[in-house]
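The following questions and answers examine the fold of one protein chain. Please consult the sequence and the coordinates alongside each answer.

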Amino acid sequence: MRFALAAALLVPALLPGQPQVIQFIAQPSSVIEGEKVTLRWNVKAAATISISPDVGAHSETRGTATVFPSRTTIYVLTARDKQGRESSTSVEVQVVPSAPKATVGEMGLSRLTGRTFLLPGELPESGYGLYSYVLLGEKATASNLSLYLAVIEAVLSRMHDMDELRKRTSDLKRLNLLSIPVNKPIELNQAETITGQAALVLKNYDYATAQVLLAAIPKGLTAGPYLFSHFEPIRPERAVSQPYLLQNLSRRSPKLAQAWVSYFQDLCAKPQPWREPALKKIALSLRDYLQKLGDEMPAAAASVIWLGR
């Protein structure tokens, strides 16, 4: 099944006078079980519309409805006019099972992750408890575009803007600053869909800065996407020291992007340095989870939790 960031199916051919479904989409079209999905429709020449399952009848010919699917679901919209003539179309929402929570013993949930855009030549402000990055080593192509967009969309949808978090806490040590390199300032339009916002970020992504930052990580990283965290900002003039947290999402399925980003966020929330025995236990639980979905992941090694190859 092909992954799409915003799903919409083509409307069948209509007879003259039939109700016409202009738009029926699900945003996002892939989520972790129980997360919110917005169904959006626009119908002409209809007296009523109905959406199944879960939604029911609506008199509005243009509107939205919120659903929280627990499994992959096909939503069917049926539009009827006053003469009883009808048209229908459908859209599928892919649902990924919840990943195991990264909670181990004494490592209690504490740190909050906020996203920001990193401009060329900038270094992140000092004082944060953790520094993370979304790093793309290769430019977007037909083969990696859907994965790049899925990861960026997951970051935008799951993580608050850092400026908003700083309005609510003055303790920088409780914050994980996640930086996305871009080549110019970006203002995200909150009226735009997450899919549209992700496309804007990718269009302005700074691959040159990403390659410089990747060169400081002693792993020979060239593809991506990579999610990386360290207790200090990456400084291009020197190699990054261990311990650090790295997820290599190269060649991963886009439909698992939400699960990978969610899991990375959970790990970064831990207030204490990552400890090898605990991380091995976490890595094994996630590996088992991903194998059920047709993905795979080697166990953690040394002071690095290495998720993906």
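Q: Among contacts between residues at least 6 apart in sequence, what percentage join residues at least 24 apart?
A: The model is a predicted one. A contact here requires heavy atoms within 4.5 Å. Among such contacts between residues at least 6 apart in sequence, the share that joins residues at least 24 apart is 67%.

Q: How many helices and strands does the protein have, and what percentage of its residues count as buried?
A: The protein has six helices and 16 strands. The threshold for burial is a relative accessible area under 20%. Of the 309 residues, the part that counts as buried is 50%.

Q: Is strand β11 enclosed or open, and how many of its residues are buried?
A: Strand β11 spans residues 130-135. On one side L130, S132 and V134 are buried, and on the other Y131, Y133 and L135 are buried, so that both faces are covered.

Q: How many residues of β14 are buried, and which lie on each side?
A: β14 is mostly covered, with five of its five residues buried. Y226, F228 and H230 lie on one side.

Q: Which residue of β15 stands opposite L227?
A: β14 also pairs with strand β15, residues 244-248. The sense of this pairing is antiparallel, and it extends over four bridges. The residue of β15 opposite L227 is Q247.

Q: What is the strand order of the open sheet of five strands, and which strands are at its edges?
A: The pairing in this open sheet is mixed, and the order is β3-β9-β8-β5-β6. From one strand to the next, the twist averages 25 degrees. An edge strand pairs on one side only, which here describes β3 (30-32) and β6 (56-58).

Q: Within β8, which residue is the bridge partner of I51?
A: Strand β5, residues 48-52, and strand β8, residues 73-80, run antiparallel. Five bridges join them. The bridge partner of I51 in β8 is L77.

Q: Are helices α1 and α3 roughly parallel or roughly perpendicular to each other?
A: Helix α1 (residues 145-158) and helix α3 (residues 194-203) have axes 9 Å apart, at an angle of about 115 degrees. Angles of 65 to 115 degrees fall in one class, and the two helices are therefore roughly perpendicular.

Q: What is the handedness of the crossing of α1 and α3, and which residue classes make the contact?
A: The crossing is right-handed. From α1 the contact includes L145, Y148 and L149, and from α3 it includes I194, T195 and Q197. By class, the residues in contact are ten nonpolar, three polar and one charged.

Q: How is the orientation of α1 to α5 classed, and which residue classes form their contact?
A: The axes of α1 and helix α5 (residues 257-268) come within 9 Å and cross at roughly 50 degrees, which means that α1 is oblique to α5. This crossing is right-handed. Among the residues in contact are A150, V151 and R158 of α1 and A257, Q258 and V261 of α5. By class, the contact has six nonpolar, four polar and one charged residues.

Key
Residues are numbered from 1 along each chain as its sequence is written. This is a predicted model: local features need pLDDT of at least 70, side-chain atom pairs count only at pLDDT 80 or more; totals for chains, interfaces and linings use all residues. Side-chain values use heavy atoms; hydrogens and water are left out. Axes are lines fitted to C-alpha atoms, for helices over the stretch in contact, and angles run from 0 to 180 degrees between N-to-C directions. Angles under 35 degrees count as roughly parallel, over 145 as roughly antiparallel, 65 to 115 as roughly perpendicular and the rest as oblique. A crossing is left-handed if the near helix is turned anticlockwise from the far one by less than a right angle, and right-handed if clockwise. Ala, Val, Leu, Ile, Met, Phe, Trp, Tyr, Cys and Pro count as nonpolar, Asp, Glu, Lys and Arg as charged, and the others, Gly among them, as polar. Buried means under 20% relative accessible area, exposed over 50%, partly exposed in between (1.4 Å probe, protein chains only). Two strands pair if DSSP finds at least two bridges between them.
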